[in-house]
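Please look over the sequence and the model shown below before reading on.

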Amino acid sequence: MPGTPSAAPGGAATSTSVATGAPNAGEDGTDPSLAAAPALRFPDGFVWGAATSAYQIEGAAHVDGRGQSVWDTFCRIPGRVRNGETGDVAADHYHRWADDLDLIRELGLKSYRFSVSWPRVVPTGAGPVNRKGLDFYKRLADGLRNRGVTPMVTLYHWDTPQELQDLGGWENRDTAYRFAEYAATVAQALGDVVPNWLTLNEPKTIVQNGYLSGTHAPGKQDPGAAYVVAHHQLLAHGLAVQAMRPHLGTTGRIGPALNLHPCYPADDSPQAQARTVLHDGYENRLYLDPILKGSYPQDVLDDLASYSPIHKYILDGDVQVINSPVELLAVQYYTPLYVTAEGDTVTRYPTTEAFWQQIYPEGMYDILMRIKKDYGDIALTITENGLPTPDTLGRDGRVRDTGRISFLRDHFAEAHRAITDGVNLESYHVWSLMDNFEWAEGYDQRWGLVYVDYATQRRIRKDSADWYSDVIRANGL
Ligand code: FCB
């Protein structure tokens, strides 16, 4: 049965907790235990990296011909983003990219995942290409290669061009075709330097936050439309894979970036078990199945029938397009979900500053093993995992984010356990390289390995960054 829990409901809490975690970081921020051979050695060639996204770090919202995105619009609606903050300046990465790439090299990262801003490259989403926008990403990709870092590109990290939104956004099937054209444009420009490509970041978050809760752009609360949006995003993924392929040569690899949530019943009742299966359908199989198996999960379609017209939007041949062959599955793991007999979710483990996140490292193992069991041995990359911690810059210039070190250590260990048990995991990208604009939370939450002093835009390596450098050097912990 999909989603079968490996931890008994109500079982002992994980050893990790932000409050009580006891990291081994020494006074200088390095981990003395790493001086010796690591106890958990990762396979040779395992790739360590970090991730960001365009709207969250670039700033330069009105520079060099960038068009408007739905997030520019959303941030300006009073009450939608904490403190009325916006990504207008963010971490000013658009101007500071060269220094940031030096930092990436200094940290020893082998892979860097960034996203391309659709409205920077195609300002209206459908019209002519903005050369200056495309050139920025060319500089970035070349700059990474010159520093010995492999670029991984996400084509869509939620910044839909506003002009396409005005035409219906993901509710409009045309948006999927426009996305494929844009994807081909970027692939053509960067295909010779970028080997790893991700189409859409977390289509589920657009569905759930953008169209169910309305907490993200475009801020709608329309369950019927939400799943039409799911289908059109999946279609966009498949169309983009097909459109990009001719530009990527024989070595370019493409995949989706999915936030997957291991789902467990909150109690032993048959009702909770049954609800968990359906919940898993909505959280995981709705995206994994059409992409990797070429079919929508029937239980989810049946459930949707009462409230969403998605069926009318799935045209003949669509599922085959969505099922276009991919070489990579990007997994983003943050939290487990515990499902009650009533179908609600409850909190079982300590949470972080992000209310939705429970710390459960074993969930990393479970979701990786489950993919292997149900979807086979496609190459896996973890493209996001991390947490926000209440980081402050000390008078001595250090940021002692011990909670981040213990969180990452425990999650790395679970990834290692999955590799030992045969999972084809090739790389791990921590979210995030640096502090950034955390969507509706504005700049309140700090998710970075690197601290950003927004007043000066100075970057300061947190203790976790130094610890992570040691892990990378040792290829283990
Ligand atoms: C993921 C997003 C990423 C960031 C992290 C915390 O859902 O892809 O942009 O917001 O959560």
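Contact here means heavy atoms within 4.5 Å. By that criterion, and leaving aside residues up to four places away in sequence, Val129 touches Val121, Leu134 and Thr185. The model is a predicted one, in which local features need pLDDT of at least 70 and side-chain atom pairs count only at pLDDT 80 or more, while totals for chains, interfaces and linings use all residues. Residues are numbered from 1 along each chain as its sequence is written, and side-chain values use heavy atoms, with hydrogens and water left out.

Val129 is found in the loop between α4 (118–121) and α5, where helices (H or I, at least four residues) and strands (E, at least two) are DSSP runs numbered from the N terminus. Its relative accessibility is 38%, which makes it partly exposed, because buried means under 20% relative accessible area, exposed over 50% and partly exposed in between (1.4 Å probe, protein chains only). Val129 and Tyr182 are 53 residues apart in sequence, and their C-alpha atoms lie 8.6 Å apart in space.

Two strands are taken to pair if DSSP finds at least two bridges between them.

| Strands | Sense | Bridges |
|---|---|---|
| β3 and β4 | parallel | 4 bridges |
| β4 and β5 | parallel | 4 bridges |
| β5 and β7 | parallel | 3 bridges |
| β8 and β9 | antiparallel | 2 bridges |

Within β4, Trp197 stands opposite Val153, and Trp197 also stands opposite Ile254 in β5, whereas the bridge partner of Ala257 in β7 is Ala330. Because 6 of the 6 residues of β4 are buried, this strand is largely enclosed by the rest of the structure.

Asn201 is found in strand β4 (residues 196–201), and Asn201 is buried, with a relative accessible area of 0%. The side chain of Asn201 makes a polar contact with the side chain of Arg113 at 2.8 Å; a polar contact is a pair of N or O atoms within 3.5 Å, and within protein one must be able to donate a hydrogen and the other to accept it, while residues adjacent in sequence count only if both atoms are side-chain atoms. Not counting residues up to four places away in sequence, Asn201 touches several residues, among them Tyr156, Trp158, Ala257 and Glu384.

**Helices against strands and helices**

Axes are lines fitted to C-alpha atoms, for helices over the stretch in contact, and angles run from 0 to 180 degrees between N-to-C directions.

Helix α9 (residues 223–244) and helix α10 (residues 270–293) pack at an angle of about 35°, with their axes 10 Å apart. Tyr227, Ala230, Leu234 and His237 in α9 meet residues of α10 that include Tyr282, Leu286 and Pro290.
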